[in-house]
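Me: I have a structure open and want to talk it through. Can you walk me through the contacts?

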2 protein chains.
Amino acid sequence: MIDHMWLEPNVVRDAVRDEVFFLDVSAVGEDARSLRIRADIAELLERPCVTDERDSTVRLMARPSVLESDEGFAIDVADGVTEITGNTTRALIYGFYDWMRRRMLGGTIDERIVSIPSQPIRMIDHWDQTDGSVERGYAGESIFFGRWNSNEHHEYLEFPERGDSDVFRGDMARIEAYARFLASVGINAVSLNNVNVRGVAIRLITHPWLDRVAQIARIFSEYAIDTYLSVNFAAPKIIGGLDTCDPLDPAVNAWWRRTVDDIYAMIPDFGGFVVKADSEGEPGPFSYGRDHADGANMFARALEPHGGRVIWRAFVYDCHMDWRDRTLDRARAAYDTFRPLDGRFEANAILQVKFGPIDFQPSEPLSPLIGAMRHTNLIVEFQITAEYLGHQIDVNYMLPQWLASLDTDTGYDADTAVTVPAYLPLAAVDRRNIGYAAVANIGMDDNWTGHKLAQANLYGYGRMCWDGSLTADAIAREWTSLTFARTDDEARETIEWMLDTSNATYESYVAPLGVGFMVKRENHYGVGVNDFEYDRWGTYHYSDRDGTGVDRTVATGTGYIGQYAPRIAAALEDAGTCPDDVLLFFHHVPYTHVLHSGKTVIQHIYDTHFAGVEAVDDYIRRWDGLRGRIDDATFENVAERLQRQRRNAIEWRDQINTYFHRMSGIPDSHGRSIHR
Amino acid sequence: MIDHMWLEPNVVRDAVRDEVFFLDVSAVGEDARSLRIRADIAELLERPCVTDERDSTVRLMARPSVLESDEGFAIDVADGVTEITGNTTRALIYGFYDWMRRRMLGGTIDERIVSIPSQPIRMIDHWDQTDGSVERGYAGESIFFGRWNSNEHHEYLEFPERGDSDVFRGDMARIEAYARFLASVGINAVSLNNVNVRGVAIRLITHPWLDRVAQIARIFSEYAIDTYLSVNFAAPKIIGGLDTCDPLDPAVNAWWRRTVDDIYAMIPDFGGFVVKADSEGEPGPFSYGRDHADGANMFARALEPHGGRVIWRAFVYDCHMDWRDRTLDRARAAYDTFRPLDGRFEANAILQVKFGPIDFQPSEPLSPLIGAMRHTNLIVEFQITAEYLGHQIDVNYMLPQWLASLDTDTGYDADTAVTVPAYLPLAAVDRRNIGYAAVANIGMDDNWTGHKLAQANLYGYGRMCWDGSLTADAIAREWTSLTFARTDDEARETIEWMLDTSNATYESYVAPLGVGFMVKRENHYGVGVNDFEYDRWGTYHYSDRDGTGVDRTVATGTGYIGQYAPRIAAALEDAGTCPDDVLLFFHHVPYTHVLHSGKTVIQHIYDTHFAGVEAVDDYIRRWDGLRGRIDDATFENVAERLQRQRRNAIEWRDQINTYFHRMSGIPDSHGRSIHR
């Protein structure tokens, strides 16, 4: 049986058990979305939808131009009747599920609610591959691709090259359930396939594969979600028979235009393309002496007549770095590459920038590109799948880290702080074309996310996109209340507490103070202090017997700090004012350097790594108290993963502490046992 | 075109161009081996074999009991006639190829030569898998298994489980050529399949797979080579339908007897079984509360009526060690496990012991089990495939290391040194059942071994087995003269010099002073100083800011040194008398510890790692001078690999030097550049 996540039918039905619905779309016309609402009322809620408005208690009404936003909605309650209104049927989808959530949470609506999404683009990126595997997937196989009923937990090892016309799983009921989950938290865009596009995945934009993509897109469309595809820049050569992919070549442009026209003939509300180009071995415009703006704009022009967008990833860096050369700095790459292109992208081209300058580490500063670009549409990229955050084995509720990043001053304004959500529209060329994207964390596992509590990240990501005012705690409370509606308050508090503390707990036992990347190189899980230290990926910690950390100062280091606005750079440049949590990201300091906390770096390392294991022990103890108070499947799932997390945390504690003790020779001031 | 290794037909034919052969096997009867000699005279030598002895110049004569050994031979030359005599047709195979080698080397035979093999068992173990891959193979796919003509250079990643009845490659011409190579250097036993026996490989001992094994065995048999198979201890359950594999269970014994009887019905001269049990996850007698002697003797009793042998690997250790516990020591494992079983093995059971206590590292002491066992048949195991010795990318002629190990005092006698070859018969229960085994280094690559010069290891291993008096230099000279017969003396000297120095060169730039295992954990090639440091394999170096190495002393360490005889232990226990090349294997010493060479440990590390790259540069320079003087394929093959070796040596130099510089803080006394 598939997990119902935060839409447990019994809970939903209980919450709306007395309601009678009425849907008025006469002003906009019946469409796939209004029909979907009717179906969900009938099948999910098992409630009537009447034809006479006066018989109803809940009225969903599409009224063009009633609000400023075509996605926002209003809820009014008067005389026992609820009115949910919006300009479009899209808006009604969001209003309908938002109202349901409020009912499930047990709140009452006392005054008019108007809800407008914070971000225009609220996207999920799947790194699913046509062989059914998921790059960096930790919850089983792809729900889109693969063989029917197959769910081998093979490690992702390579990008499939094998050709095959029948690569679709065909599990439409699961896709429908997934689309409902996404819509219920406000997601409006999904990309189906991995950005590393190889083999038959390159052909998804052509027949007959496109016909199957259209079937999936149709389901998402019912839930107001636009479908995107990742494309291979070299497709004109690989599948088009051309001898170039030069973005300024007329034949190449014509090929993409024809291909895009074909797609829109099949999928009228197709979202557009996601492109990873000239990055980690993928082809791109550099081969033809063109730059990323040339590349992106070629796609933008092909998509523009249909209202489509091209989303161009800024994750471009040299992945063959020489560890010997301390002047090189991977953190500099996105800014160095894209800052000079500011203002050159078409209005329907969007640059997708990871929130940190490296790659979704447990602690990273905000990317300096966010703030520096002033005439470019940006999407900020997050990673819900826990590549560096515990593989959905270790509990890790990511919202605290994401929201803290978004709340960072971008340095856009010389005088006052401008956070990321405030900044994006200021820099935009077209304010409709900004937002957030995040890599999916779901798969064929029964509970969708491997670790039950990892559902909270998917839920929370959607909520964060829609409502920028929510705190991480508030979102955790929402998710827990919806998901564990049938248990007692104390149990819910335990779960909320685990979620709220989990991100900090995980960060406490992995690479310290923002230095990052002490993971095993084969899969990015578990400890490998030196695994990347002499490798080609540009991710080093430079620890020696005297100190540790990366000198990214302007004065003596790589100069990376100079990419930030002066006010921000000044604070980071001085190890005395640099925040503790990213100290080793910016500075190489002695082990005896004293943090703002008053502890030395070495003592901080010891303390946090002992504390990390203790925190996991606490989780285990308190989770054990939930036995019989929540459903058995969830209890066992989390209990089993907590044991694995404990083993992981112990390995981290012991290896990190031993490594730095062997290096520094400095004993723990509390005299705890550190293995030699 | 397949490489002819050391049996280049033109060279062979030139060497014997005036000879007329006569073969007299009337006293023993014509058999597969005598027919094989006739075929090789006709097809390889293209010379006549006459029926009237008086017309011949070379006479091969089988005369029962003419010598003390059934494998040895005599060569007499008188009045222009050469007589090669032996008790058996097996002996004539060896005599024939030995005489050919002497002729190819240009020597004259002035007095009677009697050649008796030093080792009764001279074996090659293939780690070939039924899917065509070779575990730790660096020369392409298996010559026995896989699809016809396939030779993908995929990394060995896992043990194949897939079932398939048609797993044999069927390239009989290649197997015949290979058997000829082996016989020409005196090999008399070969095991076809990997000791990790999974999937269909478990079924090789049954029909219909056995029928194909018999076809291969028949070819080896013509060249006097006995065929062995590796078996899975759990076969009675997995393929026999029994519910136990208890070696003392009558039904299990009966199953193995029936299986063995079946094999001998198909392969009358079948050699026997190779068994890896209770090791690295393989099943074994421990599951039934039995010990290794119980397990081995079960097979021995089944094989005994047919004259077969069971070869039981002593490579048994805990591969889930806790790096935190410094009292644990993998080096102790073989002795601790097998020393108590001394005297309990049947006369046709043989314990196969790796020459070093860990696993074929570039510098290891002799295993203390060799010398300690006093009533057990032993085979000493070597590894020709260059798992830890450069993957046949880096040139590494291993005979210097192997012969030095064999020349070590085993401590068997309280008063005088007893080398390994002298010791084996003293400890044997049946002196026919001792010898050497080595893991093969060949595959489907055109030159058999990936790196042309790696052929010298296969050649040298056979020669070392047959003639214990040969030096490494002498063997290198033989191989070079045979293989490069058509070039000039100076070119041959260059190649010999590369071979002779290569083992020391490789050792100079990898893990220092016997500490071992600083390789990448995913494939055991290239540098990964800490890759095994916190892992479960029991292979650590314990470097810290003050010193490095493993304390295996009795006084303060793991006590491993106590496994050696007192005379040997005393010398090893004292860091002052312990040989430099294994110092860090036995002792944890400060970086400032002064070696017998007069250098400190840290300066030795720097010096050898700079010197290693310089030596490879020398190889490249001198190899370049061979262009046009040897065949192009070999020139290009070695030139290309030397470039890869250079890159490897540079990485080793820089990572090792940087690692130890960061640790110790001690600068190079010559002021050379060490990256921070």
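**Salt bridges, domains and chains**

Me: Start with B:D488. Buried, exposed or partly exposed?
Reply: B:D488 has a relative accessible area of 30%, so it counts as partly exposed. Keep in mind that this is a predicted model.

Me: What does B:D488 form a salt bridge with?
Reply: Its partner is B:R629, with the closest N and O atoms 2.7 Å apart. B:R629 sits in the loop between α18 (601-624) and α19 (632-664) of chain B, and B:D488 in the loop between α14 (472-483) and α15, so the pair ties together parts that are 141 residues apart in sequence.

Me: And how exposed is B:R629?
Reply: B:R629 is partly exposed, at a relative accessible area of 28%.

Me: How many salt bridges are there over all chains?
Reply: The search of the whole structure finds 115.

Me: Give me one more in chain B. What does B:E176 pair with?
Reply: B:E176 meets B:R36 in a salt bridge, 3.4 Å from N to O. B:E176 belongs to helix α4 (residues 172-184) and B:R36 to helix α2 (residues 32-43), so this pair ties together parts of chain B that are 140 residues apart in sequence.

Me: Which of those two is buried?
Reply: B:R36 is, with a relative accessible area of 8%. B:E176 comes out at 24%, which makes it partly exposed.

Me: Now B:R324. What does it bridge to within chain B?
Reply: B:D322, with the closest N and O atoms 2.7 Å apart. B:R324 is buried, with a relative accessible area of 16%. B:D322 is partly exposed, at 33%.

Me: Switching to chain A. What are its domains?
Reply: The domain assignment gives domain 1 (9-115), domain 2 (121-483) and domain 3 (509-550 + 588-664).

Me: How far apart are the C-alpha centres of domain 1 and domain 2 of chain A?
Reply: They lie 31 Å apart. In contact are 16 residues of domain 1 with 21 residues of domain 2.

Me: How much area do they bury between them?
Reply: About 1,600 Å², with 53% of that on carbon and sulfur atoms. On the domain 1 side, A:R36, A:Y94 and A:R101 supply 36% of the area buried against domain 2, more than any other three residues.

Me: What about polar links across that domain interface? How many salt bridges?
Reply: The rule finds five salt bridges between domain 1 and domain 2 of chain A. There are also 14 residue pairs in polar contact, both residues at pLDDT 80 or more.

Me: Which helix of chain A gives the most to the domain 1 side?
Reply: α3(A) does, with eight residues. That side divides into eight nonpolar, one polar and seven charged residues.

Me: Back to A:R36. What does it bridge to?
Reply: A:R36 forms a salt bridge with A:E176, closest N and O atoms 3.4 Å apart. Both belong to a network of salt bridges that links A:R36, A:D40, A:E176, A:R180 and A:E222.

Me: OK, the two chains. How many residues are in contact?
Reply: 27 residues of chain A with 27 residues of chain B.

Me: And the buried area there?
Reply: About 2,700 Å² between chain A and chain B, with carbon and sulfur atoms giving 41%.

Me: How many salt bridges cross between the chains?
Reply: Ten. In one of them, A:R324 meets B:D654 at 2.4 Å, N to O. The chain A side divides into six nonpolar, seven polar and 14 charged residues.

Me: Which side chain does B:Q455 make a polar contact with?
Reply: That of B:D3, at 3.2 Å. Beyond four places in sequence, B:Q455 also touches other residues, including B:M5, B:W6 and B:W479.

Me: Last one, B:T539. Where does it sit?
Reply: In the loop between α15 (489-509) and β14 (547-548) of chain B. B:T539 is buried, at 5% relative accessibility. Leaving aside neighbours within four places in sequence, B:T539 is in contact with B:R330, B:I358, B:F517 and B:F532.

Key: Residues numbered from 1 in each chain as written. Chains lettered and ligands numbered in written order. Predicted model: local features only at pLDDT ≥ 70, side-chain atom pairs only at ≥ 80, totals over all residues. Heavy atoms only, no water. Polar contact = N/O pair within 3.5 Å; in protein donor to acceptor, adjacent residues only side chain to side chain. Contact = heavy atoms within 4.5 Å. Domains from an automatic or database assignment. Buried area = accessible area lost by both parts, 1.4 Å probe. Salt bridge = Lys/Arg side-chain N within 4 Å of Asp/Glu carboxyl O. Helix = DSSP H or I, 4+ residues; strand = E, 2+ residues; numbered from the N terminus. Nonpolar A, V, L, I, M, F, W, Y, C, P; charged D, E, K, R; others polar. Buried < 20%, exposed > 50% of the residue type's maximum accessible area, 1.4 Å probe, protein only.
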